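Let's walk through this fold together, starting with the sheet and then moving out to the helices.

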Amino acid sequence: MAIFTGAGIALITPMLADGTVDFDKLKELAEWHVQQGADAIIACGTTGEASTLDDQEHIAVIEAVVKQVNGRIPVIGGTGSNNTQHGIELSQAAQRVGADALLVVTPYYNKATKKSIIKHYQAICASVDLPVILYSVASRTGMNLTPAIVKELKEIPNVVGIKEASGDISQIVEIARLVDEDFALYSGNDDQVLPLLSVGGSGVISTIGNIAPKQTSQMVHDYLEGQTKAALAVQLAQKPLIDAIFSEVNPVPIKKAVGMLKGYDTYYRLPLDQPEEKTVELLAKEMKNYGLL
């Protein structure tokens, strides 16, 4: 069963100049997304720089978003790790602070075998009562959830869907063929939302949604309600801006874009740092073209 239908926002984690989390801005952004019509918020995913947050910060970010949203839309906590026990601990902590569901990325760097990846997910899922969305993004982790693996993982009782970011439409179609209608397919690529919806997808876990939540949510709902031409117009109009957002490694450009939209300075934690000037210029150009600036 889908945790949400539409656009879930892979929320950035705003930071202060000293590198600490800016919880005031975090709560402001969460509230803005609710008011803009986002269908869910994902806290502490890749776009939220989870890999450079310590565990206390990680859970505090999820908790702050949960409290601000206050049940109005689902809040999904990113709790994946390349250490299964660590993933269990993060998942249990996210459950304790009120997350509605979990997004669990494949173990990165380790490059687990099919047998061990299934054991990894079984252990994490068994440790919590929350629904779990798988997350496959081999370009960042080195580990691809093939259709055959997804077919086995969907048998875990609380695995309810997948964020599919392989970029491989053929793989997505095969996954769609192997799962049933109760298993939610979410696009992990903003430029491939409509192709995924066309084979039964439920929506997108979106990066561009950080600056265009209303438009992205409306695009998905328009498509699912039969307004396919309107949805296509949005998908195509967003493409140059999506290219700009991913012209450097995520989340460097999108975090800068949020700052440009909201009128505040943006800060990162090494190894991520400020975008190149040409990236900033490209963002400004495409955000203006899209009507955001």
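Two strands pair here if DSSP finds at least two bridges between them; strands (E, at least two residues) and helices (H or I, at least four) are DSSP runs, numbered from the N terminus. What you have is a predicted model, where local features need pLDDT of at least 70, side-chain atom pairs count only at pLDDT 80 or more, and totals for chains, interfaces and linings use all residues. Residues are numbered from 1 along each chain as its sequence is written, and side-chain values use heavy atoms, with hydrogens and water left out.

Take strand S4 (residues 101-105) and strand S5 (residues 132-136): they pair in the parallel sense over 4 bridges. Look for Val104, which stands opposite Leu134 in S5. Now zoom out: 8 strands close into a barrel in the order S1-S2-S3-S4-S5-S6-S7-S8, with parallel pairing. On average, neighbouring strands of this sheet are turned by 25° against each other, direction ignored.

On to the helices. H2 lies across strand S2 (40-43) and strand S3 (75-78), running at about 175° to S3. Axes are lines fitted to C-alpha atoms, for helices over the stretch in contact, and angles run from 0 to 180 degrees between N-to-C directions.

H2 (residues 55-69) also packs with helix H1 (residues 23-36), at an angle of about 45° and with the axes 9 Å apart. The contact (heavy atoms within 4.5 Å) involves Phe23, Leu26, Lys27, Ala30, Glu31 and Val34 of H1, and Ala60, Val61, Ala64, Val65, Gln68 and Val69 of H2.
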